[in-house]
Amino acid sequence: MRFDSLLTLSLMGLGVLVGCAEHTGLFNAPYGRFQNPQSRHRLPRRVSRLLRKGALPARSSSVLTYAIALALALVMYSEHGSWGSPYHVMTGLFLFGQYGKRLLESRYVHWYSGEVSYAMALYMVLANLGIMAICIHSIFHRPPAPSENTYPALIWCLPLMMVAWAGNLYHHYILRSLRTGDGDRTYAVPRRGWFLRAICPHYFFEVLAWLSFALLVNRRAVYGVLFLIAAKLAGRSHQTRDWSWRHLDGYPRDVKRMVPFLY
Ligand SMILES: NC(=O)c1ccc[n+]([C@@H]2O[C@H](COP(=O)([O-])OP(=O)(O)OC[C@H]3O[C@@H](n4cnc5c(N)ncnc54)[C@H](OP(=O)(O)O)[C@@H]3O)[C@@H](O)[C@H]2O)c1
């Protein structure tokens, strides 16, 4: 079996595992409202202790995560990328735009309630490095066919990408408006935008952004990355809704998880 097919199958298998673990609450990545890994299911004591060890400010951990992934992209694009290739320019636009946006949001938009453990910080760094490495491998390993390497063949993904980024950022701003600053640990009911219909509309727009990228790159492994991200966020949005219904008074019972009216 070719390496790319194996990689794609592995990403999809991982997506099923991670998505199920997040969905069932068996393992919710321990950050934010799920910081306490024993909140619903008892983990072996040693695992639990490891997951809790150390405390880095969540903001620093996120900024570091995205900065490291961006550094990898910068090195690889300066080594292998070409301004003369529309395929390289457009895929680079997404990767630098997506990770640059997340870095700036982590630094200037989100108000974080607390810290993350060393294990969680490492998990975030490795997961994002892995995703970046797979995307870059997919882009540079096989040169684009002449029909793929023209602006008219690629530019149509741009509106989808812009809508996805704008929607994601807008809902991050709504979440920010619910807090007064870092360390504010209150969780409130957001009453604007698509939050009126779904608990995690920002996750929907994140998936939409990765969909636009997968269509742009059009390589099997990047569809695998899209599946992994979508499965993880779908599972997490389910537990987020469950958590909100249990902990926040007056949370509407008719909201969906990620996509208004659908899921
Ligand atoms: N590509 C991927 O695989 C992937 C995976 C995960 C996330 N992401 C990206 O990262 C973004 C953020 O993800 P996330 O999982 O951190 O989202 P999140 O849990 O909804 O948190 C986003 C921010 O809003 C705060 N917040 C959330 N709900 C709140 C409420 N009810 N009241 C007050 N503050 C609230 C959080 O604070 P606390 O941190 O203190 O809870 C955090 O600062 C996503 O939208 C997506 O763009 C990408």
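**The α3 and α5 pair**

Guide: The crossing of α3 and α5 is right-handed. This is a predicted model. Helix α3 covers residues 58-80 and helix α5 covers residues 118-141. Two packed helices are described by the angle between their axes and the distance between the axes. For this pair the angle is about 20° and the axes lie 9 Å apart. Angles under 35 degrees count as roughly parallel, so α3 is roughly parallel to α5.

On the α3 side, the residues that meet α5 are Ser61, Leu64, Thr65, Tyr66, Ile68, Ala69, Leu72, Ala73, Met76 and His80. Their counterparts in α5 are Ala121, Met124, Val125, Asn128, Leu129, Met132, Ala133, Ile136 and Phe140. Sorted by class, this contact has 15 nonpolar and 4 polar residues, with no charged ones.

As for the setting, the protein has 9 helices and 2 strands. Read from the N terminus, the order of elements is α-α-β-α-α-β-α-α-α-α-α. Of contacts between residues at least 6 apart in sequence, 79% join residues at least 24 apart. Buried residues account for 34% of the 263 in the protein.

The overall dimensions can be stated briefly. Along the principal axes, the C-alpha atoms fill a box of roughly 55 × 40 × 35 Å. The radius of gyration is 19 Å, which agrees with the value near 18 Å that a compact globule of 263 residues would have.

Terms used: Residues are numbered from 1 along each chain as its sequence is written. This is a predicted model: local features need pLDDT of at least 70, side-chain atom pairs count only at pLDDT 80 or more; totals for chains, interfaces and linings use all residues. Helices (H or I, at least four residues) and strands (E, at least two) are DSSP runs, numbered from the N terminus. The radius of gyration is taken over C-alpha atoms; the globule rule is 2.2 Å times the number of residues to the power 0.38. A residue is buried if 20 or more other C-beta atoms lie within 10 Å of its own, exposed if 12 or fewer, and partly exposed in between; C-beta atoms are placed from the backbone. Two residues are in contact if their C-beta atoms, placed from the backbone, lie within 7 Å. Axes are lines fitted to C-alpha atoms, for helices over the stretch in contact, and angles run from 0 to 180 degrees between N-to-C directions. Angles under 35 degrees count as roughly parallel, over 145 as roughly antiparallel, 65 to 115 as roughly perpendicular and the rest as oblique. A crossing is left-handed if the near helix is turned anticlockwise from the far one by less than a right angle, and right-handed if clockwise. Ala, Val, Leu, Ile, Met, Phe, Trp, Tyr, Cys and Pro count as nonpolar, Asp, Glu, Lys and Arg as charged, and the others, Gly among them, as polar.
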